[in-house]
Number of protein chains: 2
Amino acid sequence: MKKLLNKPADYVDESLDGLCLAHPDIYRRLGEDGRVIARAGGAVNGKVGVVSGGGSGHLPTFTGYVGEGLLDACSVGNVFAGPSVGDCMDAMRAADGGAGVLRLYGNYGGDRMNFDMAGEMLEMEGMETTTVLAADDIASATPEERQKRRGVAGLIYAYKIAGARAEQGGANLRDVTETARKAVEATATIGVALTSCIVPEAGKPTFSIAEDEMEMGMGIHGEPGIWRGKLKSADDVAGEMLERLLADTRIGSGERVSVLVNSLGATPLEELYILYRHVAAELSAKGIEIVRPLVGRYATSMEMAGASVSLLRLDSELEALLSAPARCPFWSN
Amino acid sequence: MKKLLNKPADYVDESLDGLCLAHPDIYRRLGEDGRVIARAGGAVNGKVGVVSGGGSGHLPTFTGYVGEGLLDACSVGNVFAGPSVGDCMDAMRAADGGAGVLRLYGNYGGDRMNFDMAGEMLEMEGMETTTVLAADDIASATPEERQKRRGVAGLIYAYKIAGARAEQGGANLRDVTETARKAVEATATIGVALTSCIVPEAGKPTFSIAEDEMEMGMGIHGEPGIWRGKLKSADDVAGEMLERLLADTRIGSGERVSVLVNSLGATPLEELYILYRHVAAELSAKGIEIVRPLVGRYATSMEMAGASVSLLRLDSELEALLSAPARCPFWSN
């Protein structure tokens, strides 16, 4: 296992320690076991809170996106494992400015169970809460079963947009929830994996894949994709991903989109730009305009090689919220 | 070769294409073969130009750091190969606002030969030019032979500081050159490699290293390091790197430093924060204060696994320049 770590059992906690030590003006650790990351400045009085959470191993997702104009707090599980009920509750408390709390996270069974239970318990205490689930991975279920889709890299668009909406004076829980839902529904993602990553406590690759193979549509924890076969050229890979995204979303000529070309970890920026080049050319040929493209590592699977492409269909509201100020080390505007 | 690319020979040009398509407000391609990246807005009249250059495969180094408050232009070689004389000349011309041009790049033989020749030819045309070489890799030569050291990740500190100095009204070529030299002399770096990367046109790993081995002090192109042995714990690795850096720089109690914990590519943020955690604790215990730490991928070797730690010894001038505004997708302040 070629990782720079100490004890595998300490991987998550030591990495959260380092995150907070490096950015004490942005993040602080809370919760009984330190498994909540909240804004250093605490909840904002009168603002709707936006919380997320999930397993570790995806930095900067999820905890990296805590900050002004983004999330208020996150509950943090072990690598690829959901956060506990208690930590979900603590994250919601840390985000509670008295105007209600939106739970905005990826559609995974374990996360849902614990976040739902946490929400019910806090509602009994009088907190007003809502849930929006990101379900952007088009490879994980058909358009007819959208609610079964997994949440992947496109989740960060929902963070940015819901976070910006919550900062607007007068936005109530219903407003922020509706905007988050709109962002989620406007987002579609598909990924390709070239290699596995290694979960520290497992100590071996999550799955095996041959030296000349790739998998189209694989999930960020190694969930099975659409097909596995010989590694194709970057243009072929990007072309198929885009074709699938456009068929699914029916985004067409005259529309405006943001594009996120995301590395799963090991795939370098050079290759992301090669993918982006093809995506940009294809969208331009189809009369679809790109606004605010994002190219980099936004939602990873540690050292997995591979990439995902996300499209966010924009209208004027979403575009303005996407461009609104935000402050964390992993988002610049 | 598990890479997302088209023809290996097109790797660099397609990636530069994508970079400029994604950020047309920051970058534009110039030069006979498109191997110069310059600020989209062109040279700034009356400002000292700061140019860099080198081989590809290190994004966001070098070209990513073209932008306001940073570099004016970069000449771009093939992967791990120096830029041509013509491209170095074109980069200097693109950076020339009439106040002279500083060449600021890493200390590698091929780069020096071509940048020197380019400088001589432009001086014959009447341009005033200077050179500062980054030589921060303490593993590559003894302190007595500092001028033989290679330039690695610490180069970005020099970019930031020289770039900020050049933006100050009234700064002439001598001022900017002196400040760049001061930044270079205040910077020390050491890296560890866990795996090799693959140069696309070679199609196979640059070097081999056993499944349980690491190499302390290896260069960013695979140049031999200080020792190769069994993979150690993150704390042991960070501890040894820091010990070597402090012995070399003699930075001690009461001083202020910036720390850069940089991934060579595949090593994820989680592990960088584990390393940072140890570095921060050790520096704190020694009475050395960290200002503006940087943790992330700043100078990579594509998909190489490994990391480097750099220290920048600060005084008030360097600290102010480090904190001055800059605008590119890879630097946020």
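Which residue of chain A forms a salt bridge with B:Glu14? The partner is A:Arg277, with the closest N and O atoms 3.6 Å apart. This is a predicted model.

## Where the chains meet

The contact between the two chains involves 52 residues of chain B and 52 residues of chain A. The area buried between them is about 4,500 Å². Carbon and sulfur atoms give 63% of that area.

Six salt bridges are found between chain B and chain A. On the side of chain B that touches chain A, the elements giving two or more residues are helix 1 (11–22), helix 6 (234–249) and helix 7 (269–285). Helix 7 of chain B gives the largest share, nine residues. By class, this side of chain B has 29 nonpolar, ten polar and 13 charged residues.

## The fold of chain A

Chain A has eight helices and 15 strands. Its C-alpha trace spans about 55 × 50 × 35 Å along the principal axes. The radius of gyration of chain A is 19 Å. A compact globule of 333 residues would have a value near 20 Å, so the two agree.

Buried residues make up 65% of chain A. Among contacts in chain A with a separation of 6 or more, 71% join residues 24 or more positions apart.

## Salt bridges within the chains

Over all chains, the count comes to 61 salt bridges. One of them joins A:Asp13 and A:Arg29, at 2.8 Å from N to O. A:Asp13 lies in helix 1 of chain A and A:Arg29 in strand 1 of chain A, so the pair ties together parts 16 residues apart in sequence. A:Asp13 is partly exposed, at 22% relative accessibility. A:Arg29 is partly exposed too, at 25%.

A second pair is A:Glu319 and A:Arg256, whose closest N and O atoms are 2.6 Å apart. A:Glu319 is in helix 8 of chain A and A:Arg256 in strand 10 of chain A, 63 residues apart. A:Glu319 counts as buried because its relative accessible area, 18%, is under 20%. A:Arg256 is partly exposed, at 29%.

In chain B, B:Glu303 and B:Lys3 meet in a salt bridge of 2.9 Å, N to O. B:Glu303 lies in the loop between strand 12 and strand 13 of chain B, and B:Lys3 in the segment before helix 1 of chain B, so the pair ties together parts 300 residues apart in sequence. Both residues, B:Glu303 and B:Lys3, are buried.

## A network across chains

Some salt bridges are linked. A:Asp13, A:Glu14, A:Asp17, A:Arg29, A:Arg35 and B:Arg277 form a network of salt bridges.

Notes
Residues numbered from 1 in each chain as written. Chains lettered and ligands numbered in written order. Predicted model: local features only at pLDDT ≥ 70, side-chain atom pairs only at ≥ 80, totals over all residues. Heavy atoms only, no water. Contact = heavy atoms within 4.5 Å. Buried area = accessible area lost by both parts, 1.4 Å probe. Salt bridge = Lys/Arg side-chain N within 4 Å of Asp/Glu carboxyl O. Helix = DSSP H or I, 4+ residues; strand = E, 2+ residues; numbered from the N terminus. Nonpolar A, V, L, I, M, F, W, Y, C, P; charged D, E, K, R; others polar. Rg over C-alpha atoms; globule rule 2.2 N^0.38 Å. Buried < 20%, exposed > 50% of the residue type's maximum accessible area, 1.4 Å probe, protein only.
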